[in-house]
Amino acid sequence: MSDTPYELVIGIETHVELATESKMFCGCQAKWFGAPPNTLTCPVCLGLPGALPVPNRRAIELAITAGLALHCEIPAHTKFDRKNYMYPDLPKGYQISQYDLPLSKKGWLEIATTAGEKRVGITRAHLEEDTATSKHGEGYALVDFNRSGVPLLEIVSEPDMRSVEEAVAYVNALREVVVFSGVSEMRLEEGAGRFDVNVSIRFTEDSQTRWPPQSEIKNLNSTRAIEDAVPYEAARLWDDWQSGGEIRSRKGKITVGWSPDRRQTFLQRSKEEVEDYRYFPEPDLVAFEPSRELVERLRAGIPELPSARRARFVKEYALSEYDARILVADRALADYYEESVRAAGGEPKAVANWVTGELLRYLKEDGGSVAGSKIRPAQLGALVKLVKSGEVSGSAAKGVFAEMWKTGAEPTAVVKAKGLTQVSDEAAIAAAVDAVLAENPRAIADYKAGNQRALGVLVGQVMKRMDGKANPTVVNHLLAKRIN
Ligand SMILES: [Zn+2]
C-alpha cells in the first residue's frame, strides 16, 4: 500500500484558541489578532509580581464542550499546574496548564479517507494559557503580550494515523467538530489553531521491527504545511538512519520547526524530557470539580455534529454518502436542505438533486451565500411539489428555477406567467401522438423489430410538437399503447 520503505506513525497535538470574550485568567480582551502591540494587557497577563489569576468560567465550559464533542470522559476532579520554562514570550517564567488531571480524556474522533472511515483516539484535552508573540530583527527582539493569557485548549491525539492523508483528514474533522460546537472559530490564518505533529517511521530491518525516536514538528498552521512537512521529515529520518546518522543513537525525541520558504525542517531542541518542565500544582488556583449538572447541560447544548448529521442524512433521507457529504459540508446548506424537504412534504432525493445540482451551480456561477439566495426553502419545496404532481415537467422546472433565482418569484407564478403548465390531458396528447406516428412509419417498424431507442425518438417528436409541455409519462404510455 505504501510507496515508502517505512510505515508512517503520526500523532497530533492541536492548540485551539477558545472563542471567549476575555482571556483565561484576567479580564483583558481575548481577540488579539490585528490589535496594536501591547494594548490588551494587564498585570495578570504581563506576569507582574503579586498579580493573581481568576479562571474564566466560559473557557472551562468551552473546554468541557470540546471534550464531550470528542466523546471524552470528563473526570470528576481537575486542577491547574505550573509548567515551568524560560522563554521571552512567557513573562511569568511558567505557563498555567494542566498536567495529570486534564479536563477531559479518552475520547475519539472519526475521520474519513479514500480508504474508508476510521477512529483516531483522543488521549486528552486540557486547558492552558497562550504565550506572547515575538518578532525577531537584526540584533533585537520585540515581544507583544496581547496573546499572552488567551485561553488555549490542547487536544492530544493517539499516534493512530498512518499516512499524511489521515493526518489531514484528522485536522479537518477536528476543525469541523470544534467550529460546529462553537468552541472556537479556529481561524488558522490568524494563528487560532496550531498543530504539533509527531512523526515516526517504522520498518523492518534484519528481520526486526525498527522504530526510531520521533520528531515533533512544531507549530504547523495549515493542512498544506502538514502535507509538505510530514513527508519531508519522515524521509529525512529514513535517510539519517540509512546513512548511520544521529537517529541511531538518539535518546528521546527531537523538536523541529518547518520553514515553508526553504521547504525543510530545522532543529529547535533535542531531548526534551517531561521532567524538564518541573510541573507542580498551581498554588494560586484551587482544584475544582465540574458538577455533573454542568456537564450534562453542556452536553445537551452541543448541536448535531457533521459526522452524525451525514449518517442521519444517509439513513433518514436515503441519500448517498456523496450527497450527504456535499450537503453537510456547510451547516447553512444542510439546514436549507432539511427545510426544503419539509416544505416539499418529503421527496428527499429530488430536493437533494436540486440543492447539489442547480442551487450550488448558480451559487458558484453568481457568487453569494445560501442564506442570501432569493430562492427560499419554502419555494424550492413548492417547485419540487409541482414536479411531483405533474404540473410542470422536470426539464421545464429548470427554467422555472432560473427565473426564481433571478427574481425570487413563487414557482406557481412563474409557471403560469411562462405558460409552462404541463399537459397531462390524454386527449390533447393522443392527438400529437397520432400525428407523430403517421409521420414516422420507419421508427414504428424499428421499435417493433426490438429497437428500444426508436421509442425515444418518437417521444422526442411528440414533446417537440407540444413545446415540451407534455407529461412524458402519459406520452410514453400512449405511444406504447397505440403501437401495440
Ligand atoms: Zn490581562
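**Exercise 1.** In what sense do strand S11 (residues 215–220) and S12 pair, and over how many bridges?

*Solution.* First, the ground rules: this is a predicted model, where local features need pLDDT of at least 70, side-chain atom pairs count only at pLDDT 80 or more, and totals for chains, interfaces and linings use all residues. Numbering starts from 1 along each chain as its sequence is written, and side-chain values use heavy atoms, with hydrogens and water left out.

Step 1: strands are DSSP runs (E, at least two residues), helices likewise (H or I, at least four), numbered from the N terminus. Step 2: pairing takes at least two DSSP bridges between two strands. Step 3: S11 and S12 have 3 bridges, in the parallel sense. In one of them, Ile-217 has Val-256 of S12 as its partner.

**Exercise 2.** Work out how enclosed strand S12 (residues 254–259) is.

*Solution.* Buried means under 20% relative accessible area, exposed over 50%, and partly exposed in between (1.4 Å probe, protein chains only). In S12, 6 of the 6 residues are buried, so the rest of the structure largely encloses the strand. Ile-254, Val-256 and Trp-258 point one way, while Thr-255, Gly-257 and Ser-259 point the other.

**Exercise 3.** Find the protein donors of the zinc ion and the geometry of its site.

*Solution.* Step 1: donors are N, O and S atoms within 2.8 Å of the metal (3.2 Å for Na, K and Ca); water isn't among the atoms, so sites may look incomplete. Here you get the SG atoms of Cys-26, Cys-28, Cys-42 and Cys-45, lying 2.3 Å from the zinc ion.

Step 2: four donors count as tetrahedral if all angles lie between 85 and 135 degrees. The 4 donor atoms give 101 to 116 degrees, making the site tetrahedral.

Conventions: Four donors count as tetrahedral if all angles lie between 85 and 135 degrees; four count as square planar and six as octahedral if opposite donors are over 155 degrees apart and all others between 65 and 115; anything else is irregular.
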